[in-house]
Amino acid sequence: MKKGLLAGLIGLTLAGSAMAGHGEKPHAEHWTNATLTEKLAAMPEGNIANGQALHVQMMCNSCHGEQGESPSRNYASLNGQTKEYTMKMLLDYRDSRRWEDYKQANIMVKLARVMSDQDIADVAAFYAEQDMKAWDVDYTKDARIERLVAKGNANIMLTPCASCHGVHGEGNGITPAIAGQVPEYFVRTMKAYQEGHRNNDVHKGMSQFTHDLSDEDIKALANYYAQLPGGEK
Amino acid sequence: MSQNKITRRDLIKVFGASAVAATGLFGMSAKAYAKGANHVVIIGGGVGGSVCAKYLRFADADVKITMIEQNPEYITCLRSNDVMVGYHTLDELTFNYNTMREKYGINVMIDQVTGVDYDRKTVSTKNGEKVQYDRLVVSPGVDFRFQDYEGLSKELSDTKIPHAYKAGPQTLLLQKQLESIPQGGTAIICPPQNPFRCPPGPYERASLFAEWMQKHNPRGKVLICDPKDRFTKDGPFKKGWERLYGYGTDNSMIEWISGSQGGRVVGVDAKNMTIETDGDDHKGDLINIIPNQQAGKIAQIIGLTNHSGWCPIDRHTMESTLHKDVWVLGDSSIADAMPKSGYAAGSQAKVAAQAIADSLHGRSPGKAIYSNVCYSLAGENYGVSIAAIYEVRDGLIKPKGKSAGVSPITDKPAQPILEAVYQKNWQREFVKDVFS
């Protein structure tokens, strides 16, 4: 076992137990653009090989797949994710910003709490290096959805998805890659934003766009992005 | 009440006329209220009794089922160690019998069984009831052998030397005692000799006490005085203790004295808070003697135990080998390689429910397959587990193939963390299977 992780494991027991009761959400400051930018800039440089080793050591592979390509509808794909987004998620789990109803985030919260900033940077570097993989989903060209992606919808004040997530859904810095994402996970995430269970986005940067989307829109977007190969690495 | 005990009128009293008229109960037919319906009486409303009642309802819609239990509520021993260190409240572990009554049409009598007349097939109770049965199920848990320890008694366990091995007031007493240990003081835990209920229980308790002390009494110590040289999951437990509590070093928060090191407790001096062992005497600020055990008292009273103090059963059905048409479940039964755990009792209860339904309908019972899964905590975020599937082989219940295993010891820090998460999920789903 890596020394730092073992120390972390012991630390976790102490930190975890300092929480009142069990399963209660500890207080966590929301990010502002400034604090997030500052934190990400201060993160250490990730090491891909160490990240790959951690991917196995922390048993990430048992849910997220050998290279981060989720083998099931239950978990997110991480392959090809931007390193900033992966880092932010792990920091958010670690500091309980990403808690949702806890049940779902439970495992990630517990695991992230034993990861150092260096560990987080390393796995993020590893996932960013992996190719995205399109899903074999039932998608027939849907002009309405592709217009939503490329042009947005002025009637509901919706900016085009592509303007932040990229023309190929490849993501950009803190904006996650969504091409090749597990469609069921995509739907769950959008619903969690919509219903307010997930609120770790800076200034409701994502959740505000979900309010006026119908379930049908969300499902169609999930299928559209699932089959998108995400462009060249 | 007169001879034919549970009449349709009684059921109406319990469930309300509309429920009975519409037979709105889960999987229960109108025949179950008929005068000639088969009547299965279950003594004990713990895991074994409750699962048996529920699954017997699944197996036979037409049978009348009565469960006799002393207490109106049941507190699971499962996770009661958590209560002592504040990870759970006792309330969260407390269940009533409303679901049994309302969903599965079980008549739950809060009463205490005093005897059984096997010739007349009648159970008598403290409140003077006489309940006739066609098939009887006995699932009474364990009885404690205070007499194995000089100076120990039931009365002392209720007041000063709690075993806290049946969840309830003693759980809270032990919690209070833990909190009252002076800084740098010692908690002594004395596990029983095999076989006993919840084999990892004492060691999980020691772990959680040590974890609690790290926060509240950092110079405190947990001393385990054991009559045995091995205990369940001892590999992963000791590894966890090494990682979390410095086990094996001079500064370890947990010290374990095995049987061959003289760890067996033979007596207690409650006034001086000292235990006498085969080795040295030890002074403690808290003394938790978990006494040796035998089959639940009622099983002894009604002659279901043999010389071992436990109840022999037919391995394929859980039917008593001493009395016909009587089944014994859970901790009280002699189930060979199966541990005395709630999970095991539930698994046995399902086999028994099917066997009882088979016997009522003249079918011959099948071959039994049992299972057991137990998760324990070596720390709040450090789980260890054991699991096995069991079959009957050479006349004994034995693990099937290579199904049996305990948590491997790996260098992956994620593994015990994930096992602690799975423990929570396992507990939630398990109690759902029993009480929902």
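Biologist: Which residues of helix 3 (residues 48-57) of chain A are buried?

Modeller: The model is predicted. Burial here requires 20 or more other C-beta atoms within 10 Å of a residue's own. In helix 3 of chain A, the residues that count as buried are A:G51, A:Q52, A:L54, A:H55 and A:Q57.

Biologist: Against which elements do the buried residues of helix 3 of chain A pack?

Modeller: The partners come from chain A and from chain B. Chain B provides helix 12 (414-435). Within chain A, the buried residues of helix 3 pack against helix 4 (61-64) and helix 7 (117-129).

Biologist: Which residue with a positive phi follows helix 3 of chain A?

Modeller: After helix 3 of chain A there is a residue whose phi is near 60 degrees. That residue is A:M59.

Biologist: How many helices and how many strands are there in chain A?

Modeller: From the N terminus on, the elements of chain A run α-α-α-α-α-α-α-α-α-α-α-α. Of the 233 residues of the chain, 41% count as buried. The tally for chain A is zero strands and 12 helices.

Biologist: What share of the contacts in chain A between residues at least 6 apart in sequence join residues at least 24 apart?

Modeller: The count takes in contacts in chain A between residues at least 6 apart in sequence. Among these, the share that joins residues at least 24 apart is 73%.

Biologist: Is helix 5 of chain A oblique or roughly parallel to helix 7 of chain A?

Modeller: The axes of helix 5 and helix 7 of chain A are 8 Å apart and pack at an angle of about 140 degrees. Angles over 145 degrees would count as roughly antiparallel. The crossing is right-handed. Because of its angle, helix 5 of chain A is classed, relative to helix 7 of chain A, as oblique.

Biologist: How many nonpolar residues does the contact of helix 5 with helix 7 of chain A have?

Modeller: Helix 5 of chain A brings A:K83, A:T86, A:M87, A:L90 and A:L91 to the contact. These meet A:I120, A:A121, A:V123, A:A124, A:A125, A:Y127 and A:A128 in helix 7 of chain A. By class, the contact has one polar residue and one charged residue, and its nonpolar residues number 10.

Biologist: In which hand does helix 10 (residues 183-195) of chain A pass helix 12 (residues 215-226) of chain A?

Modeller: The axes of these two helices of chain A come within 8 Å and cross at roughly 140 degrees. That angle makes helix 10 of chain A oblique to helix 12 of chain A. The crossing is right-handed.

Biologist: Which residues of helix 10 of chain A make the contact with helix 12 of chain A?

Modeller: On the side of helix 12 of chain A, the contact involves A:I218, A:K219, A:A222, A:N223, A:Y225 and A:A226. By class, the contact has eight nonpolar, one polar and one charged residues. From helix 10 of chain A come A:P183, A:F186, A:V187 and A:M190.

Biologist: Does A:T210 count as buried or exposed?

Modeller: A:T210 lies in helix 11 (residues 207-210) of chain A. Not counting residues up to four places away in sequence, A:T210 touches A:M190, A:Y193 and A:Q194. The C-alpha atoms of A:T210 and A:M190 are separated by 6.5 Å, although these residues are 20 apart along the chain. Because A:T210 has 20 C-beta neighbours inside 10 Å, it counts as buried.

Biologist: Which element gives the largest share of the side of domain 1 of chain A that touches domain 2 of chain A?

Modeller: The domain assignment of chain A gives domain 1 (3-22 + 29-129) and domain 2 (143-226). Their contact takes 20 residues from domain 1 and 16 residues from domain 2. On the side of domain 1, the elements that give two or more residues are helix 2 (33-42) and helix 5 (83-94) of chain A. The largest share, four residues, comes from helix 5 of chain A.

Biologist: How far apart are the centres of domain 1 and domain 2 of chain B?

Modeller: Chain B is divided into domain 1 (8-143 + 294-366) and domain 2 (150-291). In their contact, 15 residues of domain 1 of chain B meet 20 residues of domain 2 of chain B. Taken over C-alpha atoms, the centres are separated by 33 Å.

Definitions and conventions:
Residues are numbered from 1 along each chain as its sequence is written. Chains are lettered from A and ligands numbered from 1 in the order in which they are written. This is a predicted model: local features need pLDDT of at least 70, side-chain atom pairs count only at pLDDT 80 or more; totals for chains, interfaces and linings use all residues. Domain bounds come from an automatic or database domain assignment. Two residues are in contact if their C-beta atoms, placed from the backbone, lie within 7 Å. A residue is buried if 20 or more other C-beta atoms lie within 10 Å of its own, exposed if 12 or fewer, and partly exposed in between; C-beta atoms are placed from the backbone. Axes are lines fitted to C-alpha atoms, for helices over the stretch in contact, and angles run from 0 to 180 degrees between N-to-C directions. Angles under 35 degrees count as roughly parallel, over 145 as roughly antiparallel, 65 to 115 as roughly perpendicular and the rest as oblique. A crossing is left-handed if the near helix is turned anticlockwise from the far one by less than a right angle, and right-handed if clockwise. Ala, Val, Leu, Ile, Met, Phe, Trp, Tyr, Cys and Pro count as nonpolar, Asp, Glu, Lys and Arg as charged, and the others, Gly among them, as polar.
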